[in-house]
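Me: I'd like to learn how to read a few features of a protein model. Can you walk me through one, step by step?

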Amino acid sequence: MKTISRLLSMLMVALLVTGCSTTKRIPEGEMLYTGIKKVKIIPPEGEKTPEGVVSKVNSAVAYPPNYAIFGSSSLKFPLPFGLWVYNNWPNPEKGFKHWLYEKLAKEPVLVSDVRPQERVRSVDQILDDNGYFRGKASYELVQGKNLKKAALLYKVETGPAYMVDSIELLPDTCHLYHSIDSLARLDPYLKPGQRYCVDSLSVARTRITNALRNQGYYYFRPDYIEYLADSIQTPMKISLRMMLASNIPPQMLMRYKTGNVTVYAFRNRGGGTPDTIPTSRATLIQMQPSRLRKELIPECVTFRKGRYFSVRRMNSTQTRFARLGIFNSIDINVFPDSLAAEPTLDVEVACTFDTPLEATIELNASSKSNSYIGPGVLFGITNHNLFGGGEQFGVTLTGSYEWQTGKHASSVFNSYEVGLSTSLAFPRMIAPGFIRRRNRNLNWTRLQLDANLLNRPHYFKMAQFNFSFNYDWQSSRHSSHTLTPFKLTYTKLMHTTAEFDSIINVNPAIAQSFRSQFIPQLAYSYMYDTNFGPDNTFNWQFTVQEAGNLFWSVYRLCGNKGEKKLFGTPFSQFIKGTTQVVYGRRLTGNQWLVTRAMVGAAYAYGNSSEVPYAEQFYVGGANSVRAFTVRSIGPGSYKAPEWIRNGYFDQTGTFKFEFNIEYRFPIIGPLNGALFIDAGNVWLLKKDPLRPGGELRASTFLRDLALGTGAGLRFDIGMLVLRGDLGIGIHAPYNTGHGGYYNMESFWKSLNFHLAIGYPF
């Protein structure tokens, strides 16, 4: 340690003595590259350079200097320590000093490494490819007092853009040429008046090719279409001629029909005896023994024998087999039938079964924003092909234990939860045929039975059981539905303590929401998800559910006018609805502005005076108003008194409103950033004198909204998004003892950090 300290001290002294030079060892005739000073893109007066062209130019000249911030070409960290070491520290051939030098030193990035001449030539090519044939790019070295350092200033004069004046299509002499011409006339890029752009023309021919391959021209490729551009006929204009490449093999231009379709079902371990089974759309050759219902094959095969071959049908067939979840590989191959009277493609689908049983075990440790930490475990077993038709049967056992840390730590708050869940899902609708659904997607029928036990020592022990039966289906490309014809939940407050009783006895409304009861429900959910072009996303979700109305009606018809019970236990009666809209707008590149608005309401009546606690709304936490912990605000301006040590029991309401704005931007690689503003709260639709300020009122609505802002990081690797958000409180809806709109007790106490998986919305 003394040796290391001495070496570091010597290093610092050497840096000070030599003036911390970063160019001492720069070879003669070379210069240290300090980044891009500026990229000047100068369009003709009154015109604006397209964003896509600007982005390509910036990408072509981008090159990070030493100690660039997140790969930036112009932003650097202020202390180039590695360059100081490289220029001022001796490098012995071996030994500890050599090792230390190799670890600390950073070789300088020189202007010659950047090769600005080649980058300028690349920019010239980009201008030509985008119709700026008179454009010109150049660069300058920007030097300061130290002539061995230089930044780069790029200057790009685009000149006027060349526009497409006319387009000559193929002669209409055959079906192929006629189809290409028809598709070209519909393409938005192949229109007179568009700016000439090589990328746009490439996109157009790819789009035409994809359409042709769905019309039977399976072997057609984008590079078979060529363009001839003429800029001489009309000054500043481009005349385009579309043509097919020469020397294309004739069979590549043939239009094929679908022939015989054969599906091979191979065992997971190989081997077996082949069994040939004809079906309505394909011949199934199944290696026995194995389990596969033959009726499943026509549901998955979308090819039609005798119709023109379509790549879209090939992809949909692959997707349908894959969504069954019972195969580990699906390969589709096509072969020309040389004996057919007309061009025909035979199809072979080779599927290999996956292992039917899958076991899952997950160990996790949670750290919540309300100071609760603890381990959890999940163990599940799933059979993906129970009856041979892709039916999924699963059993899951969960368990968790939590305790509170910090200044409020106490064994009183330690709790555990265990649960057992079983589910059976059929990949088809077991329902009347009048329900409209989209056959291109799997439709599911699900049955589920759950049991959970929650124990909070010194407070209560609660058990919950529920059975549900629901359908999931799609009626169109963008619309999906979930219908739950029947769901029955039973909650049983098994044990309470005197301390818990003292809390709920103060407020009968809370006691009603915690009582033992049945909750018979019917629910429906709808989701519309679409994109408006590449720059706009839109998602709307709507859910409505009712509880107890059918049972109440039956009891009322039978003459029962008092409190109605099911198996000796009261059942809840309420109606609840929620709706949420999420809109995303691309600002530039991968920068997005995403907004969300959510409204929900629940109202109890008839057999219930209060909505069950589990069905009430709350705000706060990682996916809500992130400046506040979960269930820490509301209803309205109400704040639980200090003497209620577990006051979050009544931080719920029957009306909810939330509004969020989030600006998402890339940083480097899979690391992304976000800036956000959150607002929201919950209220009571029924006045509760024991929770003053909790009732929903128009006059206090805006003042009752909790408001927070903050920043976050997202590590997005595609399949998984790890998210960390730091929320900063701006306005609390309750009395904090501070006046003004910003009424937080202190800045540091208004901070809340949330670690979560996935985006908040």
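Predicted model: local features only at pLDDT ≥ 70, side-chain atom pairs only at ≥ 80, totals over all residues.

Me: Which phi does Tyr-67 have?

Reply: Tyr-67 is not a glycine either, and has a positive phi of about 60°. You'll find Tyr-67 in the loop between α2 and α3 (81-88). With a relative accessibility of 24%, Tyr-67 counts as partly exposed.

Me: And over the whole protein, how much is buried?

Reply: Of the 761 residues in the protein, 42% are buried. For the overall dimensions, the C-alpha trace spans about 90 × 90 × 60 Å along its principal axes. The secondary structure comes to 14 helices and 29 strands.

Me: What share of the contacts links residues 24 or more positions apart?

Reply: Counting contacts with a separation of 6 or more, 62% are between residues 24 or more positions apart.

Me: On to helix packing. What describes two packed helices?

Reply: Two things: the angle between their axes and the distance between the axes. Here, take helix α2 (residues 51-61) and helix α6 (residues 116-129): they pack at about 160°, and their axes are 9 Å apart.

Me: Why are α2 and α6 called roughly antiparallel?

Reply: An angle over 145 degrees counts as roughly antiparallel. At about 160°, α2 and α6 are therefore roughly antiparallel to each other. Their crossing is right-handed.

Me: Which residues of α2 and α6 meet?

Reply: From α2 there are Lys-56, Val-57, Ala-60 and Val-61, and they meet Arg-119, Val-123 and Ile-126 of α6. Sorted by class, the contact between α2 and α6 has 5 nonpolar residues, 2 charged ones and no polar ones.

Me: Next, cysteines. What is a disulfide?

Reply: A disulfide is a covalent bond between the sulfur atoms of two cysteines. The cut-off to apply is a pair of cysteine sulfur atoms within 2.5 Å. By this rule the protein has 0 disulfides. Cys-300, for one, is in no disulfide, and the nearest cysteine sulfur, in Cys-351, is 8.3 Å away.

Me: Are Cys-300 and Cys-351 buried or exposed?

Reply: Cys-300 has a relative accessible area of 3%, so it is buried. Cys-351 counts as buried as well, at 1% relative accessibility.

Me: Last topic, peptide bonds. Which omega goes with the cis bond from Gln-288 to Pro-289?

Reply: The omega of that cis bond from Gln-288 to Pro-289 is near 0°. Pro-289 is in the loop between β9 (283-288) and α9 (296-300).

Me: What is omega for the cis bond that joins Gly-634 and Pro-635?

Reply: For the cis bond between Gly-634 and Pro-635, omega is about -5°. To find Pro-635, look in the loop between β24 (591-604) and β25 (655-668).

Notes
Residues numbered from 1 in each chain as written. Heavy atoms only, no water. Buried < 20%, exposed > 50% of the residue type's maximum accessible area, 1.4 Å probe, protein only. Axes fitted to C-alpha atoms, helices over the stretch in contact; angles between N-to-C directions. Helix = DSSP H or I, 4+ residues; strand = E, 2+ residues; numbered from the N terminus. Parallel < 35°, antiparallel > 145°, perpendicular 65-115°, else oblique. Left-handed = near helix turned anticlockwise from the far one by under 90°. Contact = heavy atoms within 4.5 Å. Nonpolar A, V, L, I, M, F, W, Y, C, P; charged D, E, K, R; others polar.
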